[in-house]
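Student: I'm new to this one, and I'd like to learn my way around it. Could you show it to me and take my questions?

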Amino acid sequence: MLNRPLRIGTRGSPMALAQTGMVRDQIVAANPGLETELVVVTTVADKILDRPLSEIGGKGLFTKELEQALFSGEVDVAVHSMKDVETWLPDGLTIACILERDDPRDAFLSPHADGLAGLPAGARIGTSSLRRGAQVLMRRPDLRVVPLRGNANTRMRKLEAGECDATLLALAGLQRLGLEDMARSVLSVEEMLPAVAQGALGIECRTDDAVIRDLLAPIACARTTIAVSAERSLLAELDGSCRTPIAALAQIDGDVLRIDGLLFLPDGSRHWSASRQGPVADAERIGQEAGAALKAAAGDTYTRHLQ
Ligand SMILES: NCc1[nH]cc(CCC(=O)O)c1CC(=O)O
């Protein structure tokens, strides 16, 4: 047991604060009497709002400052959207706990249509996500993708102001903000395969901090941990840079895990898909094989344009 308040590090965006509050409630419910303190840490992703993150480059744009706060002891745990956690963590830190996944799908927001199919040719989809942009263009090459950055609230404001005709946001994020009514529809995973780990929250801590790990263990979700490990193995195999549009979703049915992955050229003109399934116990290997299959399918194009 910890005889002082648990210091919980979080980004300061409305979505980050909402989800960290939910995680804190779960930690306290599992550890009655534990006191907590939120520590808001500003990351590069919160500071640079006028350029796509894929252009800013570098790894860990959402996580680096939180990880520094973990190393310095300023915080004991950091709450992340697993989607924002880089493929390889720094030595000494670990994701000690992944919580039960929320809906991994993307929501469609637009004053003009109920879904992608309802948009007229030339309509502008606002997104700075290479994955969403490439996937939209793959299905509707007649649409235009325009950059749209900022947190979810900012993006909705820009949509209302007419900077674009439609946008896509993670449904889980909208739900955590209590704004799921803003969604005109939810895109099926066949129409828009989600990002690796979308909808899953994780808690990072110092690897050797056994006291903290014991506090977190009871709220971990085994199924989500397995699904996310398969998806992250796919990502690791592709060694994705932030210029690489990749989508992947692992789903568990009984003892069987199935993973679907997609790799695209950013303009959606080409794509490669791979699916694998097998026993849940082999999650990492299945993810890795699907990643290897994607890489092999893309061949030269991968080495030249995507790596
Ligand atoms: N890139 C920012 C980000 N990181 C995680 C989510 C959504 C919430 C989640 O996946 O847990 C979002 C916003 C979005 O994509 O709409």
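Tutor: Gladly! Let's begin with a glycine: α6 is followed by Gly-162, whose phi is positive, near 90 degrees. Helices (H or I, at least four residues) and strands (E, at least two) are DSSP runs, numbered from the N terminus. This is a predicted model, where local features need pLDDT of at least 70 and side-chain atom pairs count only at 80 or more, while totals for chains, interfaces and linings use all residues. Residue numbers start from 1 along each chain as its sequence is written.

Student: Which residues of helix α6 are buried?

Tutor: A residue is buried if 20 or more other C-beta atoms lie within 10 Å of its own, exposed if 12 or fewer, and partly exposed in between, with C-beta atoms placed from the backbone. Helix α6 spans residues 152-160, and its buried residues are Ala-152, Arg-155 and Leu-159. They lie on the same side of α6, because they cover an arc of only 60 degrees around the axis (the arc is that of the directions from the helix axis to the C-beta atoms). On the other side of α6, the exposed residues are Arg-157 and Glu-160.

Student: Why do residues three or four places apart point the same way in an α-helix?

Tutor: It comes down to the geometry of the turn. Residues three or four places apart point the same way because an α-helix has, per turn, 3.6 residues.

Student: What is the strand order in the open sheet of 5 strands?

Tutor: Two strands pair if DSSP finds at least two bridges between them. The pairing in this sheet is mixed, and the order is β2-β1-β3-β10-β4. Since β2 (36-40) and β4 (93-98) each have a single partner strand, one side of each is left without a neighbour in the sheet, and the edges are therefore β2 and β4.

Student: In β2, which residue is the bridge partner of Arg-7?

Tutor: Strand β1 (residues 6-10) pairs with β2 in the parallel sense over 5 bridges. Thr-10 stands opposite Val-40 in β2. For Arg-7, the bridge partner in β2 is Glu-37.

Student: Is Ala-197 buried or exposed?

Tutor: You will find Ala-197 in the loop between β9 (185-186) and β10 (201-206). Its phi is positive, about 70 degrees, although Ala-197 is not a glycine. Because Ala-197 has 27 C-beta neighbours inside 10 Å, it counts as buried.
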